[in-house]
Each structure stands twice: as C-alpha cells, then as structure tokens.
Amino acid sequence: MKLFLDTGDLAEVREAAAWGVIDGVTTNPTLIAKSGRGFKETVLAICEAVPGGAISAEVVATEYDAMLKEALEIASWHPQIVVKVPLIEPGVRLVNTLTERGIRTNVTLVFTVTQALLAAKAGATYISNFVGRVDDVSGDGMEAVRETVAMVEEYGFESEVLVASVRHPKHVVDALAAGAHVSTMPLSVLRQLFKHPLTDSGLKRFLDDWNAAGLTIG
Ligand code: E4P
C-alpha cells in the first residue's frame, strides 16, 4: 500500500520525505490556505521535496469550463502533479476529459461505492474515499472503502482506491485489511505508525545494558 502525506506544510513534507517511506502528498484547498503560502509555489516546492511522488493539487471552480481551465493550468506546473477534482457532475465530466488527455486525476470527496463507480468509469487515477468524516458522524467510513476495492477488482478498473480523511493508525490497519492501494494521512498519524511501547522500553534496555558494560563500536 502506498503512503501519502496529507498536508500543505512544506516542513512536514520534508520531514516525512527524509524517512523515505512516502509515495506522494495530497493537498486540498483548506490545507493550502493553512500553509500561508501561494498555491503554485507550495505545490512546486512539495514536488521538489518528494522526487517522483504523486502530488495532488485541487481545482476550486465548480463549473466545467472554469474547472477545465484550472485543471490544465495546475497540470502544466509539474509532471508529478495529479489534478484533484471533486465528485460533482462537472467534476466527473472533467475527469473524462483529463483522462483522454493523459492527465492523472484524484477524485475527492467520495463517500459511497456508487460515487466511486462514476469516478472509476471516468478514468480516475485515484479515488479518494473519505473515512474519518463518516466515522465523525457515527458511520462506518471503511465500509465504502471495502466495497470500492471489491468493485475495482471485480470489474478490472484501473483506478487506485485512496483512503483519505485518516484520523488514527487503526484506519491504516483497516485500509490494509481492505486491500486499499493508498492511504493518505496527516504527519501526526504517520508519526504514530512508528510507535510501540515495547519498542521504546526494548531500546532503553539495550542501550542501558550496552552502556553499563562500557562497550563501544569500533
Ligand atoms: C484527502 O485528500 C483530504 O485532503 C483529507 O484526507 C481530508 O481529511 P480531513 O477529513 O481530516 O479534512
């Protein structure tokens, strides 16, 4: 499963990129607004920080012609860019157009397998299925992920199922169990993936024993 970082914060991208485990970055208008920097400048810096990674940058228009104009502008910035498009009627039409032109897309704000079906049929590269926002309102966000993975596999769609709106490591565990292709998460969740109390206590004991014996390397 690919790991994407969900952020518009360049320092966070650089920190995670140094670990060598992230395959891309997802941004959205909220995250870019929080970054305090310009959209193009931020996205290009993220592309540079994650060489070869898939970097999602979202259109903000909601009418087809304006969306197309924005999408072509964003896609022209860098070959690593994936144009993020909301799952609305002109958005699905836009994904068809961009697919025909060989431009990769990430269809966002997907909550159901029927929405995912439309995205897959339009040729979406990634289908961003939001789980945390569903769990926040007492639903089971991962249910649509499981259904969408099954659909993609059963019918041979090329789209990758991207688990988004990840709130904690259990979402990552469930995404793995569901066979999702990608999970995107904030840096706080990515950091939590390292953590286990037995790792900390085990390391402490190794180092205490080593130091008590007065050993050195080399
Ligand atoms: C996905 O690409 C979105 O940017 C993101 O995962 C949304 O997460 P949120 O529900 O925590 O805002």
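Gln80 lies in the loop between α4 (64–77) and β4 (81–86); helices (H or I, at least four residues) and strands (E, at least two) are DSSP runs, numbered from the N terminus. This is a predicted model, where local features need pLDDT of at least 70 and side-chain atom pairs count only at pLDDT 80 or more, while totals for chains, interfaces and linings use all residues. Residues are numbered from 1 along each chain as its sequence is written, and side-chain values use heavy atoms, with hydrogens and water left out.

Q: Is Gln80 buried or exposed?
A: Buried means under 20% relative accessible area, exposed over 50%, and partly exposed in between (1.4 Å probe, protein chains only). Gln80 comes out at 12%, so Gln80 is buried.

Q: Which backbone oxygen does the side chain of Gln80 reach at 2.9 Å?
A: A polar contact is a pair of N or O atoms within 3.5 Å; within protein, one must be able to donate a hydrogen and the other to accept it, and residues adjacent in sequence count only if both atoms are side-chain atoms. Here, the oxygen belongs to Gly53. A polar side-chain atom of Gln80 also lies 3.3 Å from the backbone oxygen of Cys47.

Q: Okay, now the ligand: which side chains have a polar atom 2.6 Å from one of its oxygen atoms?
A: Lys84 has an N or O side-chain atom at 2.6 Å from a ligand oxygen, and Arg133 has a polar one at 2.6 Å. For Ser165, the distance to a ligand oxygen is 2.7 Å.
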